[in-house]
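This report describes a strand arrangement and the helices that accompany it. Please consult the sequence and the model shown here.

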Amino acid sequence: MKLTILGSASHIPTRHRNQNGYFLETREETLLFDPGEGIQRQFTLAGISPGRVERIFISHFHGDHCLGLPGMMQRLSLMEVPHPLKIYFPEEGLEYMQALSKASKFTARIEFEFHPLKAGLCEENAKWRIEAHELLHSTPVLGYRIIEKTRWHFIPQRLREAGLEVAEIALLEKSGRILKKGKTILREDLSCRDNGKIFAYALDTAPCSAIPELIREADCLLMEGTYLRSEQALADAFLHMTAEQAGEYARDHGVKKLVLTHYSERYKDIAAYKKAVVKVFENTHIAKDFDIIEI
Ligand SMILES: [Zn+2]
Ligand SMILES: [Zn+2]
């Protein structure tokens, strides 16, 4: 997976930080999380075509997470991208989704698929699994967990040496072992394993009981750290997280890498974040706009 930060501000953008926007390239498809205002220009500055986005995930309908959506819908329509644009969002926000999708005059030239979600399984097939988890904020909010499933890539030379027929290869792929001329052949003997990655997305939320299940063993957790612990009272009042709390969650639930974002505009210099969080969880990336993070 590859994550590109298109915005790391919360509600108020700064000279160096746009509102939210996170572009995730997975093994299967390319996803965009929470397009805030200005997202189209951020794509241009990042050198990424917005037409590559196949699915958009909205965590909640505060403006910094969705005001870029009308522009993205119209842009992809203008580009006449060859795929439908699938949009996922908490079902309680349907009226905002409807308003945003009709925010200004345009003629839809592509198909839009709207997926109002409750917490639970969002999609599962042989390639991946997508889950939505209900978090705690001043409006309904969903966190998302994207799990790429293990894949086996057969090595052509080993297949030839084993002399397997097509039907036998299919059976081996499915069941993991077959019997050939009295000998057991294992899938791992003829292939290499691609474990897939887990990405967890948790914006905006106060600490809550759903977080451990959402983030456990994630290869990358993208989490809000709106405030520092010095502003804990503000974090509590507005149902947000401090950077240190995010670090504690990552440390306590087997997360491999934490990426922090959604900084309050009060912090002009985010260097203080690094100092505060690495003491709690060392493998923390303090996101800046246009950072690219290999997962
Ligand atoms: Zn926000
Ligand atoms: Zn919010």
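Which strands form the open sheet, and in what order?

## Basis of the model

The model is predicted: local features need pLDDT of at least 70, side-chain atom pairs count only at pLDDT 80 or more, and totals for chains, interfaces and linings use all residues. Residues are numbered from 1 along each chain as its sequence is written, while chains are lettered from A and ligands numbered from 1 in the order in which they are written.

## The sheet

Seven strands, in the order β7-β8-β9-β14-β15-β16-β17, make up an open sheet with mixed pairing. Strands are DSSP runs of E (at least two residues) and helices runs of H or I (at least four), numbered from the N terminus; pairing requires at least two DSSP bridges. β7 (120-124) and β17 (284-286) each have a single partner strand, so one side of each edge strand lacks a neighbour in the sheet. From one strand to the next, the twist averages 15°.

β9 (residues 142-148) and β14 (residues 198-202) run antiparallel and are joined by four bridges. Arg 145 stands opposite Ala 200 in β14.

## Helices on the sheet

Helix α10 lies across β16 and β17, at about 170° to β17. Angles run from 0 to 180 degrees between N-to-C directions, with axes fitted to C-alpha atoms, for helices over the stretch in contact.

Helices α9 (residues 243-252) and α10 (residues 271-278) pack at about 40°, their axes 9 Å apart. In α9, Ala 243, Glu 244 and Gly 247 meet Tyr 273, Ala 276 and Val 277 of α10, where contact means C-beta atoms, placed from the backbone, within 7 Å.

Technical notes. Two residues are in contact if their C-beta atoms, placed from the backbone, lie within 7 Å.
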